[in-house]
Amino acid sequence: MRAEVALLTLMLGAICYGCRVGGFLLMRWVPLTPRVQSWLRSMPMALMGAILAPLAVQGGPAEVGGLLLAALVMRVSGNEFAGALAGVAGVAVLRATL
């Protein structure tokens, strides 16, 4: 690995960690009202949609099927990780069969 790549990877990791710590520290002063709690609970689903929607639009039927499966599993189980795993598995199976 080249030194520039290693340095860039370390810098990006430090920036990512700084964003996480900064958000954690700033949330100390935000009152956790029911509205804020609702917003925090809905963020994972919104982020998944923002990441996966462009892939579904540009992808084929396997990607759309995986997105629908991920959304369904997340909705039924309430677990974002299970939804992500189901979506990845769904895309893999659909790509192998279509």
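Trainee: Is Cys 19 buried or exposed?

Mentor: This is a predicted model, in which local features need pLDDT of at least 70, side-chain atom pairs count only at pLDDT 80 or more, and totals for chains, interfaces and linings use all residues. Residues are numbered from 1 along each chain as its sequence is written, and side-chain values use heavy atoms, with hydrogens and water left out. Buried means under 20% relative accessible area, exposed over 50%, and partly exposed in between (1.4 Å probe, protein chains only). With a relative accessible area of 56%, Cys 19 is exposed.

Trainee: How many disulfides are there?

Mentor: A disulfide is a covalent bond between the sulfur atoms of two cysteines. Here the term is applied to a pair of cysteine sulfur atoms within 2.5 Å. Cys 16 is in no disulfide, and its nearest cysteine sulfur, that of Cys 19, is 6.7 Å away. By this rule the count of disulfides is zero.

Trainee: What is the relative accessible area of Cys 16?

Mentor: Cys 16 falls in the partly exposed class. Its relative accessible area is 44%.

Trainee: Which helix holds Pro 34?

Mentor: Helices (H or I, at least four residues) and strands (E, at least two) are DSSP runs, numbered from the N terminus. Pro 34 counts as exposed, at 65% relative accessibility. The helix that holds Pro 34 spans residues 34-58 and is helix 2.

Trainee: Are helix 2 and helix 3 roughly parallel or roughly antiparallel?

Mentor: Axes are lines fitted to C-alpha atoms, for helices over the stretch in contact, and angles run from 0 to 180 degrees between N-to-C directions. The axes of helix 2 and helix 3 come within 9 Å and cross at roughly 165°. Angles under 35 degrees count as roughly parallel, over 145 as roughly antiparallel, 65 to 115 as roughly perpendicular and the rest as oblique. Helix 2 and helix 3 are therefore roughly antiparallel.

Trainee: Is the crossing of helix 3 and helix 4 left-handed or right-handed?

Mentor: Helix 3 (residues 61-77) and helix 4 (residues 80-97) pack at about 155°, with axes 7 Å apart. A crossing is left-handed if the near helix is turned anticlockwise from the far one by less than a right angle, and right-handed if clockwise. For helix 3 and helix 4 the crossing is right-handed.

Trainee: Which residues of helix 2 make the contact with helix 3?

Mentor: Contact means heavy atoms within 4.5 Å. On the helix 3 side the contact is made by Glu 63, Val 64, Leu 67 and Met 74. On the helix 2 side the residues are Met 45, Met 48, Leu 52, Leu 55 and Ala 56.
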